Amino acid sequence: RGQRLGDVAGIRFPSQDGTEIEAFVVKPPGFSARRRYPGILLIHGGPQAQYDWSFDFAAQLYAANGYVVVMPNPRGSTGYGQDFCLAIWQAWGERDYEDVMASVDAIVKQGWADPDRLAVTGWSYGGMLTNHVITRTGRFKAAATGASATLYVTNFAHDHYHRWWVDELGLPWTPEGRRLYETLSPFNKVDKVVTPTLILGGQEDWN
C-alpha cells in the first residue's frame, strides 16, 4: 500500500535586519488552506549544512502526524555564500536565532501554522540553536534538543571538534576565550527557560 507524503514548498522571507532567508515547508498530507495546523520549527545541524528539496524523513513523519514543519536555512548555513556562512562566527544564537524565528513568523503569516501551537527541535547544532531559542522566547509550547551542548567549555578537549573550538572560540583559560565560551553558552541563561523541554543524548556520545 502506497504512503501519502506531505507536499513541500520553498519560501523566502526577510529576517529581522532585512536579510533574505530561505526555508522549506512540509505540509501534512491532505493539507487544507482553511485550517491552521500545529507547527514545528526543525533546525538543521552543522551549522555548516543546509536543507534543500531532498526527502527528509523526520519532517515527513511530523507532517504525517498533522504538523506543518518549517526547515529554515539560517545564517551559518552553506549554499548562500561565504559571508552568509560566517555571519554567526563567534556569535552563535544571535543572527541565526533571528532567522529561524522569522521562518516561524512566515508560516504563521501564511495562515498555515497556529501561533498558539508551536514546537521547536533540532539535533547537534540544531539542538544547540534550540537551546538558544528557548532562552530567548517563551513562544513555543514544547522543545526537544538532541545531541547538543549547553555549557560549551565542558566540551573542550574531549571531542573531535577540538580544532574547531580553538579556531573559533580560542582557549578557555585565556580571558577572551573564556568570555566567549561563557557568553555564548545557553546554560548560563537557563533561568530564562519556560518551555517544557525534552533533552536527548547518547550516553557514549562524547561528540
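The structure is a predicted model. Its 7 strands form an open sheet of mixed pairing, in the order β1-β2-β4-β3-β5-β6-β7.

**Sheet**

- The edges of the sheet are β1 (8-14) and β7 (197-200); each has a single partner strand, so one side of each is left without a neighbour in the sheet.
- On average, neighbouring strands of the sheet are turned by 20° against each other, direction ignored.
- Strand β2 (residues 20-26) pairs with β1 in the antiparallel sense, over 7 bridges.
- Within this part of the sheet, Phe 13 stands opposite Ile 21 in β2.

**Helices on the sheet**

**Surface patch**

- Leu 5, Phe 55, Phe 57 and Leu 61 form a nonpolar patch on the surface, and together they have about 460 Å² of accessible area.
- One of these residues, Leu 61, belongs to helix α1 (residues 57-64).
- Leu 61 counts as partly exposed because its relative accessibility is 41%, which lies between the limits of 20% and 50%.

**A buried glutamate**

- Glu 98 is part of helix α3 (residues 95-109).
- With a relative accessible area of 11%, Glu 98 is buried, since the cut-off is under 20%.
- Leaving aside residues up to four places away in sequence, Glu 98 touches Ser 15, Gln 16 and Arg 75.

**Backbone details**

- Most residues other than glycine have a negative phi, and most peptide bonds are trans.
- Gly 46 and Pro 47 are joined by a cis peptide bond, with omega at about 5°.
- Pro 47 sits in the loop between β3 and α1.
- Gln 90 is not a glycine, yet its phi is positive, at about 55°.
- The loop between α2 (82-85) and α3 holds Gln 90, which counts as partly exposed at 33% relative accessibility.
- Ala 147, also not a glycine, has a positive phi of about 50°.
- The loop between β6 and α5 (162-169) contains Ala 147, and at 22% relative accessibility this residue counts as partly exposed.

Note on methods
Residues are numbered from 1 along each chain as its sequence is written. This is a predicted model: local features need pLDDT of at least 70, side-chain atom pairs count only at pLDDT 80 or more; totals for chains, interfaces and linings use all residues. Side-chain values use heavy atoms; hydrogens and water are left out. Patches are made of residues with over 30% relative accessible area and no salt bridge: like charges are joined within 9 Å, nonpolar side chains (Val, Leu, Ile, Met, Phe, Trp, Tyr) within 5 Å. Accessible areas come from the Shrake-Rupley method with a 1.4 Å probe; for residues, only the protein chains shown count as cover. A salt bridge is a side-chain nitrogen of Lys or Arg within 4 Å of a carboxyl oxygen of Asp or Glu. Helices (H or I, at least four residues) and strands (E, at least two) are DSSP runs, numbered from the N terminus. Buried means under 20% relative accessible area, exposed over 50%, partly exposed in between (1.4 Å probe, protein chains only). Two strands pair if DSSP finds at least two bridges between them. Axes are lines fitted to C-alpha atoms, for helices over the stretch in contact, and angles run from 0 to 180 degrees between N-to-C directions. Contact means heavy atoms within 4.5 Å.
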